[in-house]
Amino acid sequence: TEAHIEAVEGAGALNAFVHPTFDLARAQAEAADERIRRGDAPDMCGLPIGVKDLFCTKDVASQAGSKILDGFRPAYESTVTDKLFTSGAVMLGKLNMDEFAMGSSNETSTYGDAVNPWRAGNSDAALTPGGSSGGSAAAVAARTCLAALGTDTGGSIRQPAAFTGIVGIKPTYGRVSRWGIVAFASSLDQAGPMTRSVQDAAIMLRAMSGHDPKDSTSADLEVPDFEALAQQDIAGKVIGIPREYRMDGMPEEIEALWQQGIDMLRDAGAETRDISLPHTKYALPAYYVIAPAEASSNLARYDGVRFGYRAKLDQGDGVTEMYEKTRAEGFGHEVQRRVMIGTYVLSAGFYDAYYNRARKVRALIKKDFDEVFAEGVDAILTPATPSAAFELGAMADADPIQMYLNDVFTVTVNLAGLPGVAVPAGLDRRGLPLGLQLIGKPWAEGELLATARALE
Ligand code: GLN
């Protein structure tokens, strides 16, 4: 823990840890030492981790990367952090993220950009660690913590993992409790581990999983020993290669990486098969209707009364002015854009044209996956992202849709509720990490991690 605290202090330029909790970490580490002395050391005992700012942590600032939660210190602990602490984990602090987890570059954060520890070739230009779990990815990649918690609504664990050369898994929807995690899009959000290896991800995922009566969408299922399952042989497994993911204009090095992944899985004894997921092209538009719709509803609670920030009011201002001013000052532009899109697609006149249609598309996307799994496919291999990490600021003047295109390979997985893992798979020609994604059957995280190990 002391060595990691030093590492965090030495890596301030990455702007990954935004609320360090070193006193808490030292107390937790001492308690872990004591448990180890007593011979009662659970899986996460004494392991220093970082926690995305989206998790409510008791008496510790929990702002979801937003000004509107300035000063908010929850009186409760999220189920996931509670489980990790019960398993002996040590929290070094809270990690930077895009505001309310909306973004793919960590540039919408109220704390400023998190920075990727990697550089391209001889260039000094600062790169994005990806988003929205950018601080989590940067912290793990820079070796300032052994692992970090992220959340993934449309790719926010997998894309930053790919951009920083680490492993990140989004579990099956319902595997992990959402209780105490600031809600973005409740039907898509899942928390997951971001780690240096597949084995670490397996260990941490087991410690954080399980049924929680406080989250009605958490599944009442036994949590398997993911670490043991991840050791299994993958000989004879069928890996689907979906043709719709071969996008027009896909960079050659992404194609080459994908082919290399196919070869590695074949070398490990798996069979690969061309498959079709015909509704893939509608996933991104459906996601960018459903996610903002749910967000507009979830974010209605930030009203200047119950949490965090309240705008300064003028003489004569009433409650309406308080809401308006607080939300205008407290939310950043991307969050405001999502609230407006969400409110629009849910409004009486447009509900059927947008929200209901997006829900139908979502069902078709899920059916595509169900069909290939029913035909004997065990897992699906795709690139994790359409490119390596880009420069911070590069998209500042771009149309927001350019940023949304980062999620093209990842959002289908959230819409279908499936587990997906990003694994570091190579470097691009400038020496930047690239990731591959494996998509699994519902509740088959163990099997998925075993397949992921063949790519390590
Ligand atoms: N980049 C996507 C978005 O902005 C995904 C975010 C996420 O997974 N939290 O919505």
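Which strands and which helix do the buried residues of H8 pack against? I will come to that in a moment. A word first on what you are looking at: this is a predicted model.

Let me start with H8 itself. Helix H8 covers residues 252-267, 16 residues in total. From its first C-alpha to its last it reaches 22 Å, close to the 22 Å expected at 1.5 Å a residue. Its buried residues are Ile254, Leu257, Trp258, Gly261 and Leu265. Looking down the axis, the buried residues of H8 fall within an arc of 100°, so they line one face of the helix. On the other side of H8 you find Glu252, Glu255, Gln259, Asp263 and Asp267, which are exposed.

Back to the opening question. The buried residues of H8 pack against strand E7 (238-242), strand E8 (271-275), E9, E10 and E11, and against helix H15 (445-453). After H8 comes glycine 269, with a positive phi near 100°.

Why do I describe strand E11 as largely enclosed by the rest of the structure? Because 8 of the 8 residues of E11, 433-440, are buried. In general, side chains in a regular strand alternate between the two faces of the sheet. In E11, Pro433, Gly435, Gln437 and Ile439 point one way, Leu434, Leu436, Leu438 and Gly440 point the other way, and all are buried.

E11 has a partner in E9, residues 379-383; the two pair in the antiparallel sense over 5 bridges. Within that pairing, leucine 381 stands opposite leucine 438 of E11.

E11 also pairs with E10, residues 420-427, again in the antiparallel sense, over 7 bridges. E10 and E11 form a hairpin with 5 residues between them. In the turn, glycine 431 has a positive phi of about 85°.

E10 is mostly covered as well, with 6 of its 8 residues buried. Which strand is joined to E10 by 3 bridges? That is E5, residues 167-170, and E5 and E10 run antiparallel. Lysine 170 stands opposite glycine 420 in E10.

Next, helix H3, residues 79-86. Here 6 of the 8 residues are buried, so H3 is largely enclosed by the rest of the structure. The buried residues are Thr79, Val80, Thr81, Lys83, Leu84 and Phe85; note that a lysine is on that list. They pack against helix H2 (22-37), strand E2 (48-52), strand E4 (147-152), strand E6 (190-195) and helix H6 (198-208). Just after H3, glycine 88 takes a positive phi of about 95°.

Alanine 64 has a positive phi, near 55°. Alanine 64 sits in the loop between E2 and H3. Is alanine 64 buried or exposed? It has 31 other C-beta atoms within 10 Å, so alanine 64 is buried.

Tryptophan 443 is not a glycine either, and has a positive phi of about 70°. Its place is in the loop between E11 and H15. Tryptophan 443 counts as partly exposed, because it has 18 C-beta neighbours inside 10 Å.

There is also a cis peptide bond to look at. It joins glycine 131 and serine 132, and omega is about 5°. Serine 132 lies in the loop between strand E3 (90-95) and helix H4 (134-141).

Glutamate 2 belongs to helix H1, residues 2-10. With 11 C-beta neighbours inside 10 Å, glutamate 2 counts as exposed. Glutamate 2 and proline 48 are 46 residues apart in sequence, and their C-alpha atoms are 9.5 Å apart in space.

Last, the ligand. How many residues are around the ligand, and which come nearest? There are 13, and Ala101, Ser104, Thr153, Gly154 and Ser156 come nearest. By type, the residues of the shell divide into 4 nonpolar, 7 polar and 2 charged.

To go back to where I began: the buried residues of H8 pack against E9, E10 and E11, among others, and E11 pairs in the antiparallel sense with E9 and with E10. That is what I have for today.

Note on methods:
Residues numbered from 1 in each chain as written. Predicted model: local features only at pLDDT ≥ 70, side-chain atom pairs only at ≥ 80, totals over all residues. Buried ≥ 20, exposed ≤ 12 C-beta atoms within 10 Å, placed from the backbone. Helix = DSSP H or I, 4+ residues; strand = E, 2+ residues; numbered from the N terminus. Pairing = 2+ DSSP bridges. Expected span 1.5 Å × (residues − 1). Arc of directions from axis to C-beta. Contact = placed C-beta atoms within 7 Å. Near = placed C-beta within 6 Å. Nonpolar A, V, L, I, M, F, W, Y, C, P; charged D, E, K, R; others polar.
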